[in-house]
Amino acid sequence: MHIWVDADATPAVIKDILFRAAERKRIAMTLVANKLLRVPPSAYIRALRVPHGFDVADDEIARRLEAGDLVITADIPLAAQVIAKGGHALNPRGEFYSRENIREILNMRDFMEELRGAGLASSGPAAFSQADRQAFANQLDRFLARAGI
């Protein structure tokens, strides 16, 4: 298994949790972003810089992903691609995307985009909280335990 991180929008506290997990569990992890990333020196952690552009990092993750890999992303269309390829997708707030829920989440995303486009909704997601951080860490630990890692 490989962990892929859609790193452009992943909060630093989540990256720190992932760094510790990759070292502790000796799991290969790649952070993909269109900007220079700092990663700790490690045999398990690397950064991959991709060119700037819309969805370039997402497309690179989807291209390299193999069935069974874990992708950390808040990007719902990327999560749908991950699931379609047999991977696992976890967002930074600790919510797993699955075959059972991805269609509904995509539909809600599209609906909210329509509302924002019409000027009827302007707020984005709530600020990232300590509870979100804890939910992510718990879900990651449970996932790795189920995977036998």
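Buried means a relative accessible area under 20%. I am working from a predicted model.

**Entry 1. Helix H2**

I looked up Asp58, which sits in helix H2. Its relative accessibility is 9%, so I put Asp58 down as buried. Leaving out residues up to four places away in sequence, I find Asp58 touching Asp6, Asp75 and Leu78. I also checked Asp58 against Asn138: the two are 80 residues apart in sequence, and their C-alpha atoms are 25 Å apart.

Next I took Glu60, also placed in H2, which spans residues 56–64. Is Glu60 buried or exposed? I have Glu60 as buried, at a relative accessible area of 16%. With neighbours within four places in sequence set aside, Glu60 is in contact with Val32, Leu48 and Val50.

**Entry 2. Helix H3**

I went on to helix H3, residues 76–84, and listed its buried residues: Ile76, Leu78, Ala79, Val82 and Ile83. These cover an arc of only 155° around the axis, which means that they lie on the same side of H3. I keep the general rule beside this: an α-helix has 3.6 residues a turn, so residues three or four places apart point the same way.

I then looked at the two ends of H3. At the start, a side-chain oxygen of Asp75 comes to within 2.8 Å of the backbone nitrogen of Leu78. Both Asp75 and Leu78 are already noted above as contacts of Asp58. After H3 comes Gly86, with a positive phi near 85°.

**Entry 3. Helices H1 and H5**

How do H1 and H5 pack, and at what angle? For helix H1 (residues 12–25) and helix H5 (residues 130–146) I have an angle of about 25° and axes 10 Å apart. H1 is therefore roughly parallel to H5, as angles under 35 degrees count that way. The crossing of H1 past H5 is right-handed. On the H1 side, the contact is made by Val13, Ile14, Ile17, Leu18, Arg20, Ala21, Arg24 and Lys25. On the H5 side I list Arg133, Phe136, Ala137, Leu140, Asp141 and Leu144.

**Entry 4. Lys25**

I followed up Lys25, which is found in H1 and is one of the residues in contact with H5. Lys25 has a relative accessibility of 32%, so I count it as partly exposed. Apart from residues up to four places away in sequence, Lys25 touches Leu144 and Ile149. Lys25 and Leu144 are 119 residues apart along the chain, with 8.5 Å between their C-alpha atoms. For Ile149 I noted a polar contact: its backbone oxygen lies 3.0 Å from a polar atom of the Lys25 side chain.

Most residues other than glycine have a negative phi. I therefore wrote down two residues that depart from this.

Arg26 is not a glycine, yet its phi is positive, about 55°. I place Arg26 in the loop between H1 and strand S2 (28–33). Its relative accessible area is 62%, so Arg26 is exposed.

Asp55, another residue other than glycine, has a positive phi near 65°. Where is Asp55 placed? I find Asp55 in the loop between strand S3 (45–49) and H2. At 29% relative accessibility, Asp55 counts as partly exposed.

Definitions and conventions. Residues numbered from 1 in each chain as written. Predicted model: local features only at pLDDT ≥ 70, side-chain atom pairs only at ≥ 80, totals over all residues. Heavy atoms only, no water. Buried < 20%, exposed > 50% of the residue type's maximum accessible area, 1.4 Å probe, protein only. Helix = DSSP H or I, 4+ residues; strand = E, 2+ residues; numbered from the N terminus. Arc of directions from axis to C-beta. Polar contact = N/O pair within 3.5 Å; in protein donor to acceptor, adjacent residues only side chain to side chain. Contact = heavy atoms within 4.5 Å. Axes fitted to C-alpha atoms, helices over the stretch in contact; angles between N-to-C directions. Parallel < 35°, antiparallel > 145°, perpendicular 65-115°, else oblique. Left-handed = near helix turned anticlockwise from the far one by under 90°.
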